[in-house]
Every structure is written in structure tokens, then in C-alpha cells.
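Q: Please take me through a close look at one part of this model, and then show me how its surroundings are built. I would like the terms spelled out as you go.

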Amino acid sequence: MAIRSLVSIVDDDESVRESLPDLLREFGFAAQAFSSAEEFLASNYVDETRCLILDIAMPGMSGPDLQRELTRRRKEIPIVFITAHGDETVRPRLIEQGAVECLFKPFSDTALLGALNAALETN
Amino acid sequence: MDVGLSTRASWVRSDHDERTGMENELSRVVDTLPGLVWTALPDGRIDFLNQRWCEYTGLSVDEVKKLGWQAAIHPDDLPHLVERWRCMLVSREQHEMEARLRRFDGEYRWFVFRVCPLADASGQVVKWCGINTDIEDRRRAEEAVRVHERRFQIIVDGLPMNATLRSPNGELEYANRHILEYLGTTLDEIKDWTPHNTVHPDDRPATLAAWKEALETGRPYEIECRRRGVDQIYRWFHMRGFPLRDTDGLIVNWYILASDIDDRKRAEALLAGEKRLLEMVAGGHSISGILEALCQLVESTVNGCRCSVVLVDPSGTYLEHSAAPSLPASFITSFDGLPVNVDSGPCALAAYLNEQVITADLRSETRWAVCAWYPMALAQGLRACWSMPIASTTSKVLGAFAIYYDEPKTPTPLHQSLIEQFLHIAGIVIERAQSDAALKRSEAFLAETRRLSSTGGFSKRGATGEITWSEEVYRMFEFDPAVPVTLGQILTRVHPEDIPSFDEMLNRQHSGSDYEHEYRLLMPDQSAKYLHVVAHATRDPDGQLEYIAAVQDVTQRRLSEEALGKARSELARVARVTSLGALTASIAHEVNQPLSGIITNASTCLRMLAADPPNVAGARETARRTIRDGNRASEVVTRLRTLFTKKDATIEPLDLNEATREVITLSLSELQRSRVMLRTELGDDVPLVTGDRVQLQQVILNLLLNAADAMSGLDDRPRQLVVRTELDEDDRVRLTVQDVGMGFEPNVAERLFDAFYTTKSGGMGIGLSISRSIIESHHGRLWAAPNDGPGATFSFSIPRRPEGVAGAGSPGAIWTSAVTDAQHVMRTR
């Protein structure tokens, strides 16, 4: 059996942490959820992670903060941002700074899958 | 003996046979005596000559009888000898005389003639007996000594120094011409003087001690001392005494040589004085102290004078800073403030003309009769006054110094040469002291400026990388000022995040261009400091690149800017929340979260069911979550509805002045940016009101920013804004915001407060509408009126806090309460 690519999810919203891993596994990925950027960085999954689904607004370190930290650490993990703030203006900026995609909650499963495939292709 | 001699008279005759044997015997004895022996008759005629006499002279007795003994005497000595001979014959006493006697071969030799009379019983001279002894060798030795002594005297007298010769026990034997002339005395006089009585009293003990020790030990000695000359002036001498010993090593004489070293001593004293003065300058002594020391140097170098110095003020118009340690203060301070002209006295005149002003005798002078100092100078007993201008190296007149004497005097060439040296020293010292003082003043000023502005300075040499910091920079970095700073040390303080930009700045230094840079320090206590550097590149005299930079600690500014930035974003957030758009966003976020969960779970559920075989357990779980998220969404909606129906604001007693000041503080930078001149007239007697602080502040802020906006296009007059609080009628408190902006037509005064009415291109027109609803919820009134002149005045008036009554909500609070709670919702995200 082929090794399944690990997709990590960082979101402070519990319902996302509950629901997304199941969907990702349905897509055929391995999935790990973290409630904060700090928790993710402290885990052993950073190097394994092939794609990161990252909430923008979180208490403590924000999504873009984590993105910068990973860049600083030279961890080139493709990132798909997700946000509940329907502010379209942030999207181009995030894409410009290296994000693969920025999805606005609620997003469809196909939109998510499209973003993940794009992210894994960049690997 | 009488018998013998009486018989000798007959030897010449030789006619008494009975005594022949004895006479022969005597004759042989006489002929053997080691001398030329002869006898003469009382009248002086020779009657006997011994054989040695005849052999020496080559003359026989007969020849002598015929020619006389004079024939054997040197013609030069003869007159004197004959004279003595006659004296002897008359005195009839024994005599001794010297003369040259010719030898048989014609050579003359010196002889001493010793002659004794032979008397009979009655005392009559019956015969003269003489013996001549050859003293040629002794005479020659004596002559040699005389020649030697003459030569010595010539040499010693010719020596260009003082020379004396003393006996082994110290008595003066000889003093050369030089010293006699210097002392103005003669050898005989000086022999009676007490030793060393011309030595300066201050030098006498040491000189005497050295001389005494030399006499006791027989060792040479050297000493420097002052001796008074015939002119009563002391001069410095270097004295050296050394003993002259004979072949047995015994001291025969003491030679004492003294050379005049007065010029050297004076040059040394002047040099030492100049050094001392420059040290005083370097040591930061007061100018008056330095000038006094200058006077003392002159007085100690020039005998019997008194000295004063006075400076000319920088503009060259009047005298200041005078000093004269040997004259009463009242005399010299009378110089201060005198104008530099022809009427203020010799020093002012010397400074004015930039040339010497010599007054040889004050009493016979009429020039100074009008000057105030003239009677004072006479009262001090001053008779001569020589004033000289002191010039800087650039020939600018710095001041004047004067030499005074108690007797009439004209400067000698020596005085003039000394004066020239003093003027040179004075010029250097005064110029240096003045420039040092100016430098100190400007340094103190700079230091004060730096301290006040928290600015330091540093220099960095391009070639060596050597860094020099001012004290302030050490303080900023909290480094020990005693340790020279290195780049490595600096880097330990630079904030890690700013290292890249710091490196970039270092690279830029190689280019030799000016730069400006701001970076942070991370101090050991983890606090951050913000430093702003402005660096200027220069070339030192050797052409090497050097940066001179000012460093300012801008931490306070940056921190307050940050605080202000936060406040501003807070304000922005407040403003955003007051807009419908922000409310919508907030609500959307609240709803989107559970909605997202619902959709994801639903998608997962579908996929699980579509799998082969279907994952029913998983699907059931995701369906359960979908229901839960649906409920959450419903809760959000319920909560929002509750927000909108909530009635109570946070009502509390509050000071409107204080609330106003807070708003002003927060918006000050915005107002400054808009070039608004704000005047606050907050009444002292304004009582407390009751209300919601945040809501009222939103109103005040809204009014302030509206006023600023209304004046934004204004360029023909100052953008004046007045905020006033005062006690209104009916126990109410009124706040007024008055601008000089574009104003409005009176007929639109009420429409201003309608929602969505706006005069601004970017405005939504809800600010004043919300503000009015807030004020009304506080039982107050908000209104606007155009000014008589340009601009408009917005005012609200709310009741003062009722005594003992707690605040209560009102229907008017609906909107604003919703706003406040929406803020709360935002903050929890």
C-alpha cells in the first residue's frame, strides 16, 4: 500500500478539527489536526506534512505568522488557508506570499480537493 | 777671633816672619772656604782677596788694587751696589746685598754679598770682612717662578669667568680681573670681605655648606648661586671649586671658577614658567588665576618690578579680566571696563595702538593726568610704567601687560628682550586659555543638548574600524565607558531581528556615503531600545574615510508611536464596528464557522455512504456532527438577535472632561496630521454626568473627526478647532466642538442627523445619526448650528449626574447597545 500523504490541519475551531480529517481520509490522505500553530510546530509532524490547511485568524500565532515561521525554518510546506472572514481582499496577498489557495468557509469538498491536489503538485 | 782678624791685616803685607807658619795655615783655610772671601779697610779699600775670589774673577790682588773691586761687578748692578756700600760704611753695621759678579770667562753670576764690620775695643771699625756666595741658581729658580706667576695671572685674568685662588685654609689669595670688575672692587678690598657676602641670601647657606665641606674633605665641589654685582643686581653663577695639590698630595691652593649662567637660568625659568602656565590652561584654571601666574613669572624673572595684565574683550572695545598680584585689588580692578582708546591710560593705549607705551617717570609725565589710575599709581609709589600690547598668533590684540618700577626707569636692551619673550608666552597662554574656555563652553552646551535630546555621537575610522563613542552612547548600550568598544560587542546588543539590516548598514559604510539607519537593541533585561543613526562621511587630514554620526535613543518616541498606533487601530475598529458592513462581517464569521462544519460533515457523510462497502458508522458520526453544527449556527443567530434587543448600556458616573481628554489624546496625531490647531477650553466646574463612557467618547470622536474633515480643504486660514465643556442651564453639561470649516446651510441643519445623509464623498452618513441616538439615550440633545463666521458648531448637552440616583437604560440605547455588544462579539474571536 502506497504511503498516504500527510495533510495537517491547524484551526482553533473544534468543529473543523473534527470534520476535516474525516473528509481528508475519505480523499485518501493521512490527516492530523492541531488546535494552534504552536501545537503544530511542537509536534513531530512538521517534516512529514505534505500540505497544511491553515486557519488565518487564531489566538496566539496567526496563520500567516506560522507561514512566516515555516519559511524562516526553511520548511517548504504548501499551504491552503481557510477563513470564516469573508474578506476577499486578503486572498491575493496570501497567494502572493506563497499560499497555494485561500478558501472561504464554508467551502465545498471539491474546492478543497482541488486546492489539495494543486498543493501536492507543487511538491 | 779678634787676634786672628787683626793678624789677617798683615797677610797682604806678609812681612812678619815669626807668624808665617800660622798665617800659612790660616791662608789655606780661607782659600778652602766655599765662598769668595775678602776683607777691606775701614774706608772700603780692599786689602785681602782669597784664592777662590781670584780664581772666579780671573783677577789678581794687584789688579783689584789697581782697578778696584767694582771692575768685577755687572755695570747694571753697580750703581745700586755702590750706594749700598756707602750706606754700609756710614752705618758701620753688617749688610747683605746682591749683585752679579763677572766670572773669569766673562759670564755674570748672581752673588749675595754678606759683609760684617770688625771693630777694636773702642768700637772703631778696623776692617770689613765679606763673603760672596753664588746664588745664580736660586735667582734663576725665583725668576722662573715669577715668570710662571706672571703667565698665570695673564691667563687667569683673561678667563671669561670669575676665578679666585684661595689658600688651603680658604683665605683669598687672588681674584681675577673679571670678578673684581663684576663686584666693583679691588683685590685688597675683597680680601677683607666676609666670604660669600655677595651671594644671594637665599643661596648663601647651601653655598657655604658646599665650601665648608670641600675644605674639610678636600674634594672638588659645584654649586649654582646668585651673586650681586656692582650694579646691585644678582646674577646666576655656576661655581666650581677644586684643589691644587703638590707632589705629596697636599693641597697647595683652591681654585674657584664661577661662570655666569644667568641667561641660561632665565631661559630655563621662562620655559618652566611657560610650561606651568600651559599646564594651568590645560588643567582648566580660571583665566584670572592664569593671568596672576603670568604676572608672577614676570616679577620673578625681572628684578624689582611689579607687573599687571589686562585683557581686551572679544569685540576689542573694552578692558576686562585684569590681574596684578603685587598691587592692591582696587588698583587693578579699576582697569576693568575701561574703553580701549587713547584716554584710558597706558595699558588701554598700548592695546589701542598695538605698540609699546613707555613712561620712564610718571611724575614728569602729563599724558595720564586725566586718568583715574594716575593718582592711584602715584599713591602706590610707582614711578615707571611700561605698557606692552599682547598679540595672538594672528596678530590680534588680546590685551596688555605692564611692568612698574618704584623708581624712574627706561627699559634696557635686556629688558626689551625679556619683554619680547613674555609677550610671546602671554600671547600663547592667553590665546590657548581663551580658545579652551570657548571649547569648554561649546562642549558643555553640546553635552547639555545631547543630554536633553538623548543624543550621542560616535566616530568610526574606515581604515582601522576603530570606534569612538561619546558617553551617551555607552549609556544607551549600557557598556562600561572605560572599555573601548568593538564591533563584536555592539553586535551582542543588536536585536536579532535587526541583524540583517545592521549588516547591510555596515556594508553601506564601505561606500563612504552618508546614511541614516534605525535599529533596535535587545538589552540584557529583554527590553528593546530603538536607536536612530544619522551618519556623515568625512575624510580626515590623511584622507582616510571617517564617519561622524549622531545616535538618538528614540525608544520613547517609538513606544508612544506604537501605543498611538494601537489606539488608532482600536479607534478604527470602533469605527468599523459602527458601520453596518463590519457588523455584517462579524455576523457572517459567526455563522460561517458552524456552516463550514455542516458542509464538511455532510460531504464526508455522503462520501462514506458512497464507499464500497459504505462506512455507516462513520456516516452516522458525521451526520451527528452536522446536526450539532446546525444547532450551533442557530445559537449564533439567537445570540445576535439577543444583542439587537438588548437594552442596557454600561451606565456609570463619569467626568466628561476626562473622557474628552482621552479622546483628544487618541486623536491628536490624526488632528496634527490634518494640520488642525486644537484649543481645549474644558471648564473647571463641570460636574459628573452618568452614561456609557465608550458611547460618549464615540460621539466626541465623531464630532472631532467631522470638524477636522470639514477643514481639510482649508488653506486660506488656520484650521482652528475649539473643544469646550461647560455647565449648561437646567443642571446640564454641554460639550461644544467648533470649527472654521466649510459649514452648512441653515436649512440642512436637521438633515445632518438623518442616517445616510452625508456631505463627504467617502462617508456613509451614519456617524451623526448614531451619535444623536447615543446622546438621546443619555437623555441629552445633539444639535448643530452654522457659525456667524466660517464653519459650524456641534454641541451636545446631557444632564448632570442626579444626586443619589443610579443610571438607567432607555429606548434610545437600542442602537448603541447593539454596537457595544457587537464589539464584544468581535473581541472574543
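Predicted model: local features only at pLDDT ≥ 70, side-chain atom pairs only at ≥ 80, totals over all residues.

A: Contact here means heavy atoms within 4.5 Å. Residues are numbered from 1 along each chain as its sequence is written, chains are lettered from A and ligands numbered from 1 in the order written, and side-chain values use heavy atoms, leaving out hydrogens and water.

Glu101(A) sits in strand 5 of chain A, residues 101–104 (helices, H or I of at least four residues, and strands, E of at least two, are DSSP runs numbered from the N terminus). Its side chain and that of Arg91(A) are joined by a polar contact of 2.5 Å (N or O atoms within 3.5 Å, one able to donate a hydrogen and the other to accept it; residues adjacent in sequence count only through side-chain atoms).

Now on to chain B, which has 25 helices and 27 strands. Five of its strands make an open, antiparallel sheet in the order 12-11-15-14-13 (strands pair if DSSP finds at least two bridges between them). At the edges, strand 12 (319–323) and strand 13 (357–359) of chain B each pair on one side only. On average, neighbouring strands of this sheet are turned by 20 degrees against each other, direction ignored (axes are lines fitted to C-alpha atoms, for helices over the stretch in contact, with angles from 0 to 180 degrees between N-to-C directions).

Strand 13 of chain B runs antiparallel to strand 14 (residues 384–391) of chain B, and 3 bridges join them. Thr359(B) stands opposite Cys385(B), a residue of strand 14 of chain B. Helix 11 (residues 287–301) of chain B packs on the sheet, touching strand 11 (306–312), strand 12 and strand 15 (397–405) of chain B. The direction of helix 11 makes about 145 degrees with that of strand 11 of chain B. Helix 13 (residues 346–353) of chain B lies across strand 11, strand 12, strand 13, strand 14 and strand 15 of chain B. Helix 13 runs at about 35 degrees to strand 14 of chain B.

Elsewhere in chain B, Leu721(B) touches Leu671(B), Leu704(B), Ala707(B) and Val737(B), among others, not counting residues up to four places away in sequence.
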